[in-house]
Amino acid sequence: MLSERSLRIKPSPTLAIDAKAKAMKAGGIDVLNFGVGEPDFDTPEHVKEAAIKAIRDGFTKYTPVGGIDELKEAIIGKLHTDNGLEYAKDEVVVSCGAKHSLYNIAQALFNPGDEIIVPAPYWVSYPDQALLNDAVPVFVQTYEEDNFMLRPEAFEAEITGKTKALILNSPSNPTGAAYDRKAIQALAEIAVKRNIFVISDEIYEKLIYDGTRHISIASLSGEIKKRTIVVNGLSKSHAMTGWRIGYAAGPKDIVKAMTNIQSQSTSNPNSIAQKAAVAALTGPLDFISVMRAEFDRRRKVLVNGLNAIEGVSCLNPNGAFYAFPNVSKFYGRIIGKRLINSSLDMATCLLEEANIALVHGEAFGDDKYIRISYATSMDNITKGLERMRETFSNLK
Ligand SMILES: *Cc1c(COP(=O)(O)O)cnc(C)c1O
């Protein structure tokens, strides 16, 4: 009865784990939730005020499908100031979250059988969005010792006559790795030479540490800009996950196709949230530095704490809000009656033995790791580290 396409995909595992942890908590269990994929900060006050004003002003009707001019102008200004990128209004489209922008790109660009190169570990929605659009995700392994950056030769080796696009995510969910200029330059050169599109998900751009600078691949040359669709949004930078505003910037013909798709599916993104997004992009930026400093503090405590646990190794993540420790040394060991042989076994064990919710690395395409979000209080992090130390020391 159901469509073949609907049977190809699974529900987002990260949202599922978050729901399970919230249910346990509601049931009175003292669960520490490290599964979350959203900032634990409140949306800034001036952004909320702009939304309230929009409601009072009656800005509550349909808007242009691809977003209001005022917001497109704010996005163009942001891309210019932060990324050194120049776009016109017909090269920008606003969607109901960055995830929606990514989906519209897949709808606008992918044909049946097209191959989409996805570096692993990857964000959970990339492969499933390709599958929903009849394309084939092609996974390329990346490694801890390379800071999880895709090796240029590994990228090039996977290119066939059917390769349509590379999906790049820097800083990365789940690894936290941010590409440096040299690494991104090498990928851009190959994409230009082999005429491959790059879908660049830059949603964690503002959450970057240790003096690392975010580089948008589109800014490296005119040639790569022509083949790149930059995706970004307000969810992570302004703690606005519930407002559902994301956007894409890229070649006019692709943006036009995305806008047409939107006109036949969702219509415009929420009018009130668009006004809030204008305030977020044009208003004071101190909120971001406060949030970033707090994430940085937690990151250090969490990563140091993890590395101090015998058997755990964790690369220092220079972006986003996740630690991605390697726990594969414990595989083959037993706790109670439980044999740990995979990241799912490990995540299940931590949930049931220690009331710690986190996401198994296999969901992101690498079974050696688990993903721990530090978008939670320092108190939870300290408690969580203690519980993990305890659980791991009981593994025989
Ligand atoms: C959170 C997230 C998104 C989606 O953000 P929305 O704008 O809320 O849809 C996209 N990509 C990655 C890697 C994310 O972690």
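Strands E13 and E14 (residues 370-373) pair in the antiparallel sense over two bridges; strands pair if DSSP finds at least two bridges between them. This is a predicted model, where local features need pLDDT of at least 70, side-chain atom pairs count only at pLDDT 80 or more, and totals for chains, interfaces and linings use all residues. Residues are numbered from 1 along each chain as its sequence is written, and side-chain values use heavy atoms, leaving out hydrogens and water.

**The sheet**
- E13 and E14 belong to an open sheet of three strands, in the order E9-E14-E13, with antiparallel pairing.
- At the edges sit E9 (322-323) and E13 (359-360), each pairing on one side only.
- His360 stands opposite Ile370 in E14.
- Strands (E, at least two residues) and helices (H or I, at least four) are DSSP runs, numbered from the N terminus.

**Two packed helices**
- H4 (residues 69-83) and H11 (residues 271-282) pack at about 30°, with their axes 9 Å apart.
- That angle makes H4 roughly parallel to H11, a label for angles under 35 degrees.
- Axes here are lines fitted to C-alpha atoms over the stretch in contact, and angles run from 0 to 180 degrees between N-to-C directions.
- From H4, Glu70, Leu71, Ala74, Ile75 and Lys78 meet H11 residues including Gln274, Lys275 and Val278; contact means heavy atoms within 4.5 Å.

**Two domains**
- The chain divides into domain 1 (4-42 + 287-393) and domain 2 (45-282), with bounds from an automatic or database domain assignment.
- Their centres, taken over C-alpha atoms, are 26 Å apart.
- The contact takes 38 residues from domain 1 and 35 residues from domain 2.

Key: Angles under 35 degrees count as roughly parallel, over 145 as roughly antiparallel, 65 to 115 as roughly perpendicular and the rest as oblique.
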